[in-house]
Amino acid sequence: MTTKPVVLLAEELSPATVEALGPDFEIRSCDGADRSQLLPAIKDVDAILVRSATQLDAEAIEVAQKLKVIARAGVGLDNVDIKAATKAGVMVVNAPTSNVISAAELTVGHILGLARNIAAADASMKAGEWKRSSFSGVELYEKTVGIIGLGRIGGLVAERLRAFGTELIAYDPFVTSARAAALGAELVDLDELIERSDFITIHMPRTPETLGMINATSFKKMKKSAYVVNVARGGLIDEADLDAALRAGEIAGAAIDVYVKEPAKNVPFVGLPSVVATPHLGASTFEAQEKAGISVAKSVRLALEGDLVPDAVNVAGGAIDKDVRPGVPLAEKVGRILTALGGDEALTRVEVKIAGEIATKDVTSLKLSALKGVFTDVVSDKVSYVNAPVLAEQRGVEVELVTTTETEYFRNETVLSGAFANGEVVSVAGTVTGPKLVEKLTNVNGYDIEIPITDHMLVLEYADRPGIIAAIGTLLGTASINIAGMQVSRQDKGEEALCVLALDSALSPEVLDSIKRVVSAERAAIINLAD
């Protein structure tokens, strides 16, 4: 008799989640928040479904010798050690699109609440007061709403606010004007958005570049009647600067759902009457939780049946041909390099070309992995195989997969070409070579190279002349950055040259600016693949 795969429900999930799993699995349950229950229960299971209370760290993953997939019924993965799971060959899946509508609706709710003082008026009534004149508000009609980040959630917010007759303006360096116009929004730069908006809502990823992007300088540029809303990521709005701006009357108010540290305690601005604060409710709806459970249940089925799993957040597992599999992480890295070389310009078209012997096989996973890489560093949510094509569609990015068995130098090669909104076309190629499956960068913008892909890289394009390499080395040495490898390629003597350096540590934008200035580089890009 065939034994059914065992699926452990470590937290309470909806009946619909169990129904989505179907009859082909043995379903067990435990209290995942209780380690004394979790560790014995996880020993012989094939899959585990969790929400946020169960901590699946390296210890738990090591105990689970049969575990093939960890499914998080939600978006965040703070409670899952993804590195330990990947090392153990365990697939990690989540539900990246489950909360987008809920988050967009909460945003609109906060905007309406601020406009009409709903929370403050309710608190006053509950205190036995009748201060009708104290809570006079404003209409949204014909007000200017600035949306920072016009991705999935930002786009849904735009669609909903159009019904109120608002003027929509948006800032997103990775969205084209055509995509913004389709949503009824005018694309502007960040300063103009800050200065013109009556309401500002932010929907950006939390990265070193976006952390504190709304700060004291921003508040001084805003209208005194302006409101700001953040349901995206804690820290995008500088909390100390927000508190100061509210107390100084530089803006009218704020609605905040996310915080730098959560659970949020003793946050000064939370107690201000001009603030509406909620405890990270973006995904806290019945529908979002139901969608999350059903989504990960379907992913578990796929994983345990050996199929490609759309929502895998690491690259383990899936029904991918053994000859194609080494190219999956390579394609993602090539995609990230393409985005880095494009700078702040929005993509309009991506061609994924797979050349060589593997072109005769199903290489869909390489296209999806490449798209995952293209968007990984430009959107707020975790990018997966299933939402990467959706992100491309939402941004109006045309995607084409091309295959050919012909290659000039390598057995197999993945080539990405990206067209950007400014008319520039960037191309990047990579391959996997040798018994150790070393990932190498093989071409950038027509310059032939062959250098291993590392966590930290620097790409420079400049006019070929003596002394450049020495100058680069001196500047990096002064910054205590060691060069692990370097290649220079050129079309001809005295013409344009391309230099690619593999570095032992991250390069700061300040050092990059110095190098770019000294060598008069036409292109200078930092590539950081460490995370």
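**Group meeting: pockets, helices and rings**

Hi everyone, let's start with the second largest pocket, which has a volume of about 360 Å³. What I'm showing is a predicted model, where local features need pLDDT of at least 70, side-chain atom pairs count only at pLDDT 80 or more, and totals for chains, interfaces and linings use all residues. Residues are numbered from 1 along each chain as its sequence is written, and side-chain values use heavy atoms, with hydrogens and water left out.

For the terms: on a 1 Å grid over the protein atoms alone, a pocket is an open set of points with protein on both sides within 12 Å along at least five of seven lines, a cavity is a set where a 1.4 Å probe fits but cannot get out, and lining residues have an atom within 4 Å of a point. Points are joined across faces, edges and corners, and a volume is the space filled by probe spheres set on them.

Which residues lie nearest the centre of that pocket? They are Asp323, Ile358, Arg411, Asn412 and Val432, out of 18 lining residues. Strand 16 gives the most, with four residues, while helix 13, strand 15 (412–420) and strand 16 (425–433) each supply at least two. Helices (H or I, at least four residues) and strands (E, at least two) are DSSP runs numbered from the N terminus.

Helix 13 (residues 327–342) also packs against helix 14 (residues 364–376), at an angle of about 35° and with the axes 7 Å apart. Those axes are lines fitted to C-alpha atoms over the stretch in contact, and angles run from 0 to 180 degrees between N-to-C directions.

Finally, the aromatic rings. Rings of Phe, Tyr and Trp (its six-membered ring) pair if their centres lie within 6.5 Å; planes under 30 degrees apart count as stacked, over 60 as edge-to-face and the rest as tilted. The count comes to two aromatic pairs. Why is the pair of Phe199 and Tyr227 stacked? Because the ring planes of Phe199 and Tyr227 are at 15°, with the centres 5.2 Å apart. Phe199 lies in strand 9 (residues 199–202) and Tyr227 in strand 10 (residues 227–230), so the pair ties together parts 28 residues apart in sequence.
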